[in-house]
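Please look through the sequence and the model below before reading on. The report then takes its parts one by one.

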Amino acid sequence: MSSTAATQSDGYYIPPSYIESGDYKKKSVSQHAGSKGTNQSQLYGVVRFELPIKSVCTHCNYVIGKGTRFNAKKDTVGAYFSSKIYSFTFKCYECKGKLVMQTNPKNADYDFISGIRRKVQAFDTKEAGSMGYFDTNDISQLKDKTSDPMGRLERDERQKQKQVSANARVEGLISLSSRDYLEDYSNNSALRKSFRSDRKVREKRKLEGAKAGLAVPMVDERADDIKMAKTTKFLGGDRKSKEDEKRRMKKVRSGGIFGSK
């Protein structure tokens, strides 16, 4: 496709003389118009920085949680091969102290430069129920861990029992999975059958409720409901009470408003 045909899709024509003269390389007079930017990042280098690690301010020992956001001054302070190293300067919310962090592309981490340090949480290995940490290169520590023959025997026995229980559990899961996989048709058929029976019961109850003039489906009868229905008496439900009510109303209508003389 020629250049003329391509430019017609945009609705304008660029003559070859314009390309040959190099005028297209010149910037327009109104381009940028001497502006240094329209936001804080372009004007002052201020960005919204989110703290990636739980840290502590060294000025006031205020604990800053992970994910806390700051308005930080972003600067380029170096490079690691083709990756730039950025520095972020911001203030503590508690004491307004200056905090400085830098990116570390070599270790895929952040460096704490000044005013801030990483929050280190320590715990007691005995309370946690773990064996703790020891240097495997130190022979003396290894001897202390394995010097007791009875201790080694008990540890080996516990490890064997754990291995046996783990193997049995894995075998049980494998057999269960195989059984479900081999009987997938029968399981699906049984499930669909139960769904059909439940749907028929719901439709039947809904129809019974509609016949009784209810907008909700009927429920199963219970012994307590039957007993309560038999013992419940409604006011004016029997024949004698209706006749008494008619006689009283007839007497009221036939009498005067001032009563009998």
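Is Phe88 buried or exposed? Phe88 is buried, with a relative accessible area of 9%. Here buried means under 20% relative accessible area, exposed means over 50%, and partly exposed lies in between, with a 1.4 Å probe and protein chains only.

This is a predicted model, so local features need pLDDT of at least 70, side-chain atom pairs count only at pLDDT 80 or more, and totals for chains, interfaces and linings use all residues. Residues are numbered from 1 along each chain as its sequence is written, and side-chain values use heavy atoms, leaving out hydrogens and water.

**The core**

Phe88 belongs to the largest nonpolar core, which has 12 residues in all. A nonpolar core is a set of buried Ala, Val, Leu, Ile, Met, Phe, Trp, Tyr and Cys residues joined through side-chain atoms within 4.5 Å. Strands E4 (69-80), E5 (83-91) and E6 (98-104) each give two or more residues to this core. Strands (E, at least two residues) and helices (H or I, at least four) are DSSP runs, numbered from the N terminus. In soluble globular proteins, nonpolar side chains tend to be buried together.

Leaving aside neighbours within four places in sequence, Cys92 is in contact with Cys57, Cys60, Tyr62, Gly97 and Leu99. Contact means heavy atoms within 4.5 Å.

**Aromatic rings**

A pair of aromatic rings is described by the distance of the centres and the angle of the planes. Rings of Phe, Tyr and Trp (its six-membered ring) pair if their centres lie within 6.5 Å; planes under 30 degrees apart count as stacked, over 60 as edge-to-face and the rest as tilted. The structure holds six aromatic pairs. The table shows two of these pairs.

| Pair | Centre distance | Plane angle | Class |
|---|---|---|---|
| Phe49 and Phe88 | 4.5 Å | 20° | stacked |
| Tyr80 and Phe81 | 4.7 Å | 80° | edge-to-face |

Phe49 and Phe88 link distant parts of the chain. Phe49 is in strand E1 (residues 46-50), Phe88 is in strand E5, and the two are 39 residues apart. Phe49 counts as buried, at 5% relative accessibility. In the other pair, Tyr80 counts as partly exposed at 32%, and Phe81 counts as exposed at 72%. Ring pairs also link Phe49, Phe70, Phe88, Phe90, Tyr93 and Tyr110 into a cluster.

**A three-stranded sheet**

Strands of a sheet pair through backbone hydrogen bonds, either parallel or antiparallel. Here, an open sheet of three strands has the order E3-E2-E8, with antiparallel pairing. Two strands pair if DSSP finds at least two bridges between them. Strand E3 (63-64) and strand E8 (116-118) are the edge strands, each pairing on one side only. Strand E2 (residues 55-57) pairs with E8 over three bridges.

Val56 lies in strand E2. Val56 is buried, with a relative accessible area of 3%. How many residues separate Val56 and Ile116 in sequence? They are 60 residues apart in sequence, but 5.7 Å apart in space, C-alpha to C-alpha. Beyond its neighbours within four places in sequence, Val56 has contacts that include Tyr62, Val63, Gly115 and Arg117.

**Cysteines without disulfides**

How many disulfides does a search of the whole structure find? The search finds zero. A disulfide is a pair of cysteine sulfur atoms within 2.5 Å. For Cys57, the nearest cysteine sulfur is that of Cys95, 3.8 Å away. Cys57 is buried, with a relative accessible area of 0%. The sulfur of Cys60 is 3.5 Å from the closest cysteine sulfur, in Cys95, too far for a bond. Cys60 is partly exposed, at 28%.

**Loops and a helix**

Lys96 is not a glycine, yet its phi is positive, about 60°. Lys96 lies in the loop between E5 and E6 and counts as exposed at 57% relative accessibility. Ala108 also has a positive phi, near 55°. Ala108 is found in the loop between E6 and strand E7 (109-114), and counts as exposed at 72%.

Helix H7 (residues 184-211) has 28 residues, which should span 40 Å at 1.5 Å a residue. The expected span is 1.5 Å times one less than the number of residues. The end C-alpha atoms of H7 are 41 Å apart, which agrees. H7 is followed by Gly213, whose phi is positive, near 80°.
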